[in-house]
Amino acid sequence: MKTEDIALFHRIVETGSILEAANLLNLPKSTVSRRLQSLEESLNLKLFHRQSRAITLTSAGSHFYEKTLTMLADLAQTLDQITDNKAELNGHLRILIFPIPEMMDIVSKIFNFMDANPKLSIEIISSTEPLDMVRHNIDIAFMVQETFSEIDMVAKPIIREELYFVASPQYLAKAGTPHSPEEIEQHNSILFRFPNGKTFSEVPLANDAMQAVKGNLCTNSIQLAYEATLSGRGIGYLPLRICQEDFKQAKLVRLFNELPPYIAVVFLVYPSRRFLSLASQRFIDYMLANLPESGSYQSPSTQVKVWI
């Protein structure tokens, strides 16, 4: 019985299909079926009830899945301890990144991690749409909290971003300059829709208050919201990082200088019930150590279980 076949069995359970597991792992369906059969023969157990278009776990298969989650996690942790972080990593990681302004900072750290571990392959998925991390075999994700879609995840804050109300001189010349956040409701704002369907028709302020906004343009892209604001289509509520150069060049103006920024947080996220492979553990440790703000962000807990 091979541990990689047990991990393969987990992927079949989590996707609910031999074909989907094969597609995610880039393996022929026949290979996945053969390895599953070999695992069942070595255990002398039937793990799945097979029907024409579906498979379901047997009671023995369900018990085996629950027990081996802990077993594989313990094995990965033991290997990490006895190798003293010197074991060469291999395998494959699937990483989901919500397209945030710091995306390329994260990607450059991923590239550095790959250079230090040349036998490891990595797939990077950029998406504003929520994906079931277990079903889509995603090991690690970088998300803002409003995009969490799982019922049970570990989320570690790693990046903080300041959000400000900003507008272009062209827009202000045409529509006038609001002098308080309350006046925002009388202006056209660029609205943002999160993938869970929530629209920022109200935006959070630093003092935990909410400010209503309205507008005739809505997008799920931070970059498009920035471009629309820059072109004078309305007032944006945007991260400082993508506006700094425009402030210097007077292409954008920060509104309400007396208003403290709202601090948005980016989290490194992984499913709490899936065992962490050695590669995942090392990657998480590397990102927490090398993303400049991950150690400076203060939260009540460095590890948060999120229940949505």
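View 1. The axes of H1 and H2 (residues 18–25) come within 8 Å and cross at roughly 120°; axes are lines fitted to C-alpha atoms, for helices over the stretch in contact, and angles run from 0 to 180 degrees between N-to-C directions. H1 and H2 are therefore oblique to each other, given that angles under 35 degrees count as roughly parallel, over 145 as roughly antiparallel, 65 to 115 as roughly perpendicular and the rest as oblique. Their crossing is right-handed (near helix turned clockwise from the far one by less than a right angle; left-handed if anticlockwise). Leu8, Arg11, Ile12 and Thr15 of H1 make the contact with Ile18, Glu20, Ala21, Leu24 and Leu25 of H2, where contact means heavy atoms within 4.5 Å. The residues of this contact divide into 6 nonpolar, 1 polar and 2 charged (Ala, Val, Leu, Ile, Met, Phe, Trp, Tyr, Cys and Pro count as nonpolar, Asp, Glu, Lys and Arg as charged, and the others, Gly among them, as polar).

The model is predicted: local features need pLDDT of at least 70, side-chain atom pairs count only at pLDDT 80 or more, and totals for chains, interfaces and linings use all residues. Residues are numbered from 1 along each chain as its sequence is written, and side-chain values use heavy atoms, with hydrogens and water left out.

**View 2. Helix H1 against helix H3.** H1 spans residues 3–15 and H3 residues 29–43; their axes come within 10 Å and cross at roughly 115°. H1 and H3 are therefore roughly perpendicular to each other, and their crossing is left-handed. From H1, Glu4, Asp5, Ile6, Leu8, Phe9 and Ile12 meet Val32, Arg35, Leu36 and Leu39 of H3. This contact comprises 7 nonpolar, no polar and 3 charged residues.

**View 3. Surroundings of serine 127.** Serine 127 lies in the loop between strand E4 (120–126) and strand E5 (140–144); helices (H or I, at least four residues) and strands (E, at least two) are DSSP runs, numbered from the N terminus. With a relative accessible area of 17%, serine 127 is buried (under 20% is buried, over 50% exposed, in between partly exposed; 1.4 Å probe, protein chains only). Leaving aside residues up to four places away in sequence, serine 127 touches Leu96, Ile97, Phe98 and Pro99.

**View 4. The protein chain as a whole.** The chain has 9 helices and 14 strands. Of its 308 residues, 46% count as buried. Among contacts between residues at least 6 apart in sequence, 76% join residues at least 24 apart.
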